[in-house]
Amino acid sequence: MRQASDSRLLRLLNGQRIVDALLASSPGGISRADVARVTGLSKPTVSLLVGDLEQSGLVRLASAARSSGGVGRPAALYEIVPEAGMVIAVDIGATKVIVGLADLLGRVVAEREIETGPDAASALTAIVGHVEEMLADADGAAKAACIGVPGVYRRETDVVERALNLPGFEGLHVQAMAEDLLGVEVHIDNDVNLAALGEADNADDGFEPTNFAAISVGTGIGMGLVVDGDLYRGGTHAVGEIGSLILSGGDSDSNSIRTLEDLASANAIRKSFAVAIEEGHPSSLEGTPDVPAIFEAADLGDPGASHVLSVAARAMALAVSHLGFITDPERVIFGGGVGANQVFVRAVESELAHLMPSPPVVAASTLGRRATFLGAVSRALESLHETLVTQHLGEQR
């Protein structure tokens, strides 16, 4: 019995090594000889397991073949069947939810934006019908899911805390409810943590996403921190609440205390503009302009708008300097409705130069609102890739 068990385990481990090699070669294909070379497995073992994986529907012959450079037939290439499994990715925001599907190679095959609804439970319930429709259209089956939530997720109790902009998480067992609704294993994570994963997996311009921070600035302010290539979560999984960082105040008058969110969030910027006008700062803007209009006016030299931008940028630069002196990120990527604005990023960069001798590179996210959604795709796929071989080879004798 022990020998049979050990043999099954070795089969699954070897199968995982082969699947990892096939995934690394995607898109495209890899020959059995090259699989043997990169895995260190014998050619007979590779041939047997590739055959079994092909029979299970996880692997197939690629359409192209590679010439060996000599006479005879070219080597057959094998590849993962992308549609052999789908993952569900969800980003629950205060007003909008992005929900979609991706195949085994991480390619998004369906994506929708829907209304969040009045509370967290409504948001979770609303995604089910959309997922079912997208799976039917894709003619696929979901194997795993990941949901980004606006708050601190406590895995040990399965609850979300500090979700100030979306009510209804109190007493709600999020993972249990999501798994019951979707029928697959579901991973829950903070939305900005997932945004950091999205930024890491979609990095361009030669940037190596090893040590960086992703800061989302919108209705609230949050951060995902990547250290030595891994998402850093902290002792209680609450890393990233940078919006609560106290930047001013501290005397006996509690009203003098100001956090980063009090100074640089979207609501704070709108309030700051109203105060600036009351204090006599001239501006060509009328009424209650939104944040993009304020930043656009500031970029054109509007005195009132420039003052407001300066206050928000100085507060953010101070927070980033604290972060820089403690964790030394190579880059800080700003996302969200406020953070991704190029005028804001340039202003933060200018303020930061006065606070640090060697400040990190600051940049606006190129992913927009999709950063968390794409991070959820990555997290769900990471989980699914670890179980693919068991799901397919484990079903065979």
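In this predicted model, Asp228 is exposed, with a relative accessible area of 60%. The cut-off for that label is a relative accessible area over 50%, so Asp228 qualifies as exposed at its 60%. Its backbone also deserves attention: Asp228 is not a glycine, yet its phi is positive, at about 50°. The residue is placed in the loop that links strand 12 (221-227) to strand 13 (230-232).

Asp328 sits in the loop between helix 10 (303-327) and strand 16 (331-335). With a relative accessibility of 58%, Asp328 also counts as exposed.

Strand 11 pairs with strand 12 in the antiparallel sense, over 6 bridges. These two strands form a hairpin, with 3 residues between them. Within this pairing, Val217 has Ile221 of strand 12 as its bridge partner. Strand 11 also pairs with strand 16, here in the parallel sense and over 5 bridges. In that pairing, Ala213 stands opposite Val332 of strand 16.

The description now turns from strands to helices. Two packed helices are described by the angle between their axes and the distance between the axes. For helix 6 (residues 191-201) and helix 13 (residues 371-385), the axes come within 6 Å and cross at roughly 80°. Because angles of 65 to 115 degrees count as roughly perpendicular, helix 6 is described as roughly perpendicular to helix 13. On the side of helix 6, the contact is made by Asp191, Leu194, Ala195, Leu197, Gly198, Glu199 and Asp201. Helix 13 contributes Ala371, Thr372, Leu374, Gly375, Ala376, Ser378 and Arg379. Sorted by class, this contact has 6 nonpolar, 4 polar and 4 charged residues.

Ser26 and Pro27 are joined by a cis peptide bond, with omega at about -10°. Pro27 belongs to the loop between helix 1 (2-24) and strand 1 (30-31).

Key
Residues numbered from 1 in each chain as written. Predicted model: local features only at pLDDT ≥ 70, side-chain atom pairs only at ≥ 80, totals over all residues. Heavy atoms only, no water. Helix = DSSP H or I, 4+ residues; strand = E, 2+ residues; numbered from the N terminus. Buried < 20%, exposed > 50% of the residue type's maximum accessible area, 1.4 Å probe, protein only. Axes fitted to C-alpha atoms, helices over the stretch in contact; angles between N-to-C directions. Parallel < 35°, antiparallel > 145°, perpendicular 65-115°, else oblique. Contact = heavy atoms within 4.5 Å. Nonpolar A, V, L, I, M, F, W, Y, C, P; charged D, E, K, R; others polar. Pairing = 2+ DSSP bridges.
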